[in-house]
Amino acid sequence: MSIHAQSIDLKDRFAAFFYKHQSTIREGLPEGINQHRQVAIEAFQQNGIPDRNVEDYKYTDLNPAFEKDYRTYIRPKQIDFNLNDIFHCDVPALDTHVVLLLNGWFYEKKTPQKKLPNGVIITSLREAANEYPEVIQKHYNQYADSKNQGLTALNTAFAQDGVFIYVPRGKAMDKPVQIINLLMDEEPGMSQHRNLMVMEEGSQAKVIVCDHTLSQSTFLTNSVTEIYAGQNAHMDFVRIQNEHNDSTQISNLYLNQERDSNVTSNTISLHGGLIRNNYYLRLNGENCENKTLGLYLTDRGQHIDSYVHMDHAHPHSRSNQLFKGVLDDYATGAFNGRILVRQDAQKTEAYQANNNILLTDDAKMNSKPQLEIYADDVKCSHGGTSGQLNGDALFYLRSRGIPLKEAQLLLMYAFAHEIIGEIHIQPLQDRIHELTEKRLRGELTRCNYCQMHCGDSGKN
Amino acid sequence: MAKEQDKILQKYTGNEYKYGWVTDVESDTLPKGLNEDIIRAISKKKNEPEFLLDFRLKAYRHWKEMKMPEWAHLKIPEIDYQDMVYYSAPKQKAGPKSIDDVDPELKKTFDRLGIPIDEQKRLAGVAVDAVMDSSSVKTTFKEKLAELGIIFCSFSEAVQNHPDLVREYMGSVVPYTDNYFAALNSAVFSDGSFVYIPKGVRTPMELSTYFRINAANTGQFERTLIVAEDDSYVSYLEGCTAPIRDENQLHAAIVEIVAKNNAHVKYSTVQNWYPGDKEGKGGIYNFVTKRGKAQGNHSKISWTQVETGSSITWKYPSVILMGDNSVGEFYSVAVTNNHQQADTGTKMIHIGKNTKSTIVSKGISAGYSNNSYRGLVKITKNAENARNFSQCDSMLMGDRCGAHTFPYIETENRSAIVEHEATTSKIGDDQIFYCNQRGINEEDAIGLIVNGYAKEVINKLPMEFAVEAQTLLQISLEGSVG
């Protein structure tokens with residue numbers, strides 16, 4: 001069940017694999033999901049895996065990552081032990097509804113209760129597709145661009161499972177949902193899960209996504225998350241990426257905001273080999289508010305690329321993008337953000353900033369903050385900086401007896417705080433602070449908070 | 001209020017392009033089309049040495065393999081390169097020796113443009129090389145400059161008289177493989193200006209070239225090469241106009257600058273090609289490759305441009321900062337109105353240590369136009385202590401135009417400090433109100449605000465150009481507040 005790396009074109013390879021196994025892929029899923037597959041695979045064949053010739057992927061070539069020989073999980077991996085025993089999230093005082101995805105498949109044992117008393121549904125995409133076909137019909141693949149984005153199309157063609165969250169009108173979730181993506185296999189594996197979150201009018205929710213690898217094999221994740229935030233819905237979305245350095249993670253977030261809604265998304269990238277985070281954000285109504293924040297701490301040969309497409313389609317909305325990064329060793333990073341203000345989206349306020357600290361001369365950062373504006377009564381600005389720690393600030397601290405190393409840490413920590421401070425779940429914020437500090441000290445290994453401690457001696 | 005604004009808008013955008021006449025001079029024109037024979041013919045007409053013909057043919061063969069670039073934020077209608085004349089020169093008996101030899105019609109043209117081509121206008125203090133269609137018409141003050149060892153002449157003359165210099169520097173900054181339009185230019189360029197400033201010489205006057213497209217269906221492909229030896233200084237001005245025609249005409253030029261140790265080159269452009277009419281019909285396609293190589297230590301290259309013309313502009317004057325402590329500057333005001341499109345900006349490539357670059361770009365869009373800034377700041381690995389500051393402001397006038405910013409920032413050295421800032425704004429009602437209140441009427445108020453907005457850049461222009469630029473801004477824009 002693996003796709004063999006051969007010299008034939010990647011596009012054809014995936015397409016061939018799809019046609020060969022499509023009955024398995026479609027099995028057990030209703031039309032609401034399956035109906036999109038054929039169109040998607042054709043769109044994928046058109047667009048393929050983007051390489052550097054595609055302007056939006058100028059600084060990240062994903063082809064080498066896809067060329068490896070992966071096991072594709074078109075059936076859930078059978079495990080004969082209880083995942084709960086080997087993994088649990090160790091953030092003190094963090095009380096959440098936990099959902100586990102193992103290699104992209106919903107792990108039933110972790111979430112026995114799928115429907116909360118107030119009508120909130122937290123379940124697998126598979127189950128939702130069968131039980132709530134009308135919601136799927138209305139929202140599934142409606143926000144994701146499976147026509148022009150090759151990677152999204154690939155996901156749409158292959159997606160079989162993922163997390164489904166539904167918050168009914170006017171309801172608020174009692175505690176955050178925590179989605180833990182685990183990757184575990186002896187062989188290289190590829191996961192393409194698909195999440196759908198529907199927030200009805202006036203609802204509230206907080207969602208945390210944690211990405212972990214539990215074994216040393218090479219992994220490739222190409223996930224798509226669609227979020228629909230209805231009128232006046234409020235959502236906090238936090239993503240913590242902590243995978244090992246042999247993994248490739250591509251996350252595609254499609255957010256559709258209706259009027260008066262408010263969404264804050266916060267991505268903390270602590271570890272990962274190659275990370276590409278795509279954010280396609282559409283403010284589809286007046287008076288929307290959006291904050292999209294990101295913090296990445298990279299070292300060694302890691303590469304992280306954040307791509308943000310902020311679409312102001314209607315007047316009177318506000319958005320703010322802030323991405324900050326510290327790059328050490330020979331790590332490379334890219335930021336590619338675009339604010340699009342459509343015609344007549346007057347009174348838009350949109351800001352965008354990307355600040356980077358390079359710690360070595362081998363680290364490299366490419367930044368592309370862009371504005372595309374078709375309305376005249378707007379306030380838009382963007383900024384980008386790249387540099388090292390402020391010499392004066394370091395001197396100030398050292399003159400007060402703080403050793404250089406500590407002073408540097410202190411400044412980096414302060415630099416990161418601007419993002420972490422925006423995490424509105426206090427226990428998590430504290431934990432991330434702690435993790436960031438450890439990370440900056442170089443003490444955090446990817447397995448720190450997993451009880452398996454399988455690869456502590458291995459590569460990080 | 002809105003009606004009043006419309007009226008003013010009407011009045012000003014209705015302003016006719018005042019350089020739109022056609023001069024009736026006999027010209028020597030090659031047939032339409034592009035092939036190796038045409039290139040050989042151009043080369044033969046210009047009596048070029050072998051190496052130049054080889055260069056052209058290589059460029060042409062390379063160009064044939066290339067595809068028109070599509071990355072710019074522009075809608076460029078398909079261009080039929082075979083339906084164009086690649087060489088058209090005003091007919092003259094062997095090069096003009098004195099002012100009396102110049103075709104009177106031609107002289108009249110430049111008189112109307114207000115160019116002091118006539119040497120009697122010595123007092124104007126500007127040495128001028130005038131290029132009409134593809135060929136250089138007249139260079140003034142040549143002798144005076146020659147006394148200092150400065151060479152300022154047409155490119156063809158340079159090829160005849162200083163082939164070694166041309167051979168050494170041509171293509172050293174913009175190779176023919178550089179991009180589609182550079183390859184095309186390298187294959188078919190017909191003339192341009194050549195400037196050589198010897199060691200230690202400070203050019204006593206501004207050097208200036210005036211470009212004029214006159215003949216119909218003709219592309220203009222000129223090439224400018226400026227070489228500044230150690231410790232020299234030159235300020236160079238370039239202006240352009242063209243007649244009003246319904247069809248689009250192509251202008252694809254190359255400008256190369258080499259600055260050696262301590263040399264300082266200042267290059268100013270006021271680009272006012274015919275922008276097309278209110279419906280976007282006609283106008284010049286201005287696809288230009290401009291690049292300077294600050295190869296010496298402590299050298300400085302500074303670009304200043306005021307872009308008001310052309311229906312489509314595709315232009316990125318760049319500086320390669322090779323020498324230690326070298327400095328690159330880019331100051332630009334780009335104005336688009338009606339259906340004009342501009343995608344312009346700069347590239348600053350930091351290679352040497354302690355290099356500095358400054359980018360100030362002011363975009364103004366009105367009507368249905370689109371105006372983009374696109375720039376690259378690249379700090380290479382060994383560029384210790386590089387410093388860049390970029391500021392890109394856009395002003396929108398009207399709600400049907402667009403203003404875009406596409407900066408690329410690539411940093412590979414930790415000691416670099418790179419800053420980019422951009423803002424988008426419009427002329428505020430309160431600003432207008434403030435002026436009104438003090439008895440300044442609306443159109444003057446807008447003129448005031450626009451000129452204030454662009455002042456940072458206009459101030460960098462030499463005097464002669466600053467006045468022209470200010471007037472141009474008024475003509476192109478005033479009253480288009482939306």
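1. Chain B contains 11 helices and 24 strands, where helices (H or I, at least four residues) and strands (E, at least two) are DSSP runs numbered from the N terminus. The model is predicted: local features need pLDDT of at least 70 and side-chain atom pairs count only at pLDDT 80 or more, whereas totals for chains, interfaces and linings use all residues. Residues are numbered from 1 along each chain as its sequence is written, and chains are lettered from A and ligands numbered from 1 in the order in which they are written.

2. Of the 482 residues in chain B, 56% are buried. A residue is buried if 20 or more other C-beta atoms lie within 10 Å of its own, exposed if 12 or fewer, and partly exposed in between, with C-beta atoms placed from the backbone. Among contacts in chain B between residues at least 6 apart in sequence, 83% join residues at least 24 apart; two residues are in contact if their C-beta atoms, placed from the backbone, lie within 7 Å.

3. The contact between the chains takes 32 residues from chain A and 31 residues from chain B. On the side of chain A that touches chain B, strand 21 (364-373) and strand 22 (379-387) each supply at least two residues. The largest share of that side, 10 residues, comes from strand 21 of chain A. By class, the side of chain A that touches chain B has 11 nonpolar, 13 polar and eight charged residues. Here Ala, Val, Leu, Ile, Met, Phe, Trp, Tyr, Cys and Pro count as nonpolar, Asp, Glu, Lys and Arg as charged, and the others, Gly among them, as polar.

4. Strand pairing also links the chains: strand 22 of chain A pairs with strand 24 (residues 417-426) of chain B in the antiparallel sense over seven bridges. Two strands pair if DSSP finds at least two bridges between them. A:Thr385 stands opposite B:Glu419, which is in strand 24 of chain B. For the complex, the predictor gives an ipTM of 0.84 and a pTM of 0.86.

5. Within chain B, helix 3 (residues 50-65) packs with helix 8 (residues 180-188) at an angle of about 145°, their axes being 7 Å apart. Axes are lines fitted to C-alpha atoms, for helices over the stretch in contact, and angles run from 0 to 180 degrees between N-to-C directions. Residues making this contact include B:Phe55, B:Tyr60 and B:Trp63 of helix 3 of chain B and B:Tyr180 and B:Leu184 of helix 8 of chain B. By class, the contact of these helices has eight nonpolar, two polar and one charged residues.

6. B:Asp28 lies in strand 1 (residues 27-29) of chain B. B:Asp28 is partly exposed because 14 other C-beta atoms lie within 10 Å. B:Asp28 and B:Tyr87 are 59 residues apart in sequence and 8.0 Å apart in space, C-alpha to C-alpha.

7. Confidence is given by pLDDT, the predictor's confidence in each residue, from 0 to 100. Chain A has a mean pLDDT of 88, and 92% of its residues reach 70 or more. Over residues 446-460 of chain A pLDDT stays under 50, although the model has 31 contacts beyond four places in sequence for them.

8. For chain B the mean pLDDT is 83, and 80% of its residues reach 70 or more. Among the elements of chain B, helix 1 (residues 2-13) has the lowest mean pLDDT (50) and strand 16 (residues 318-321) the highest (97). Over residues 118-125 of chain B pLDDT stays under 50, with six contacts beyond four places in sequence. Where pLDDT is low, the predicted coordinates should not be read in detail.
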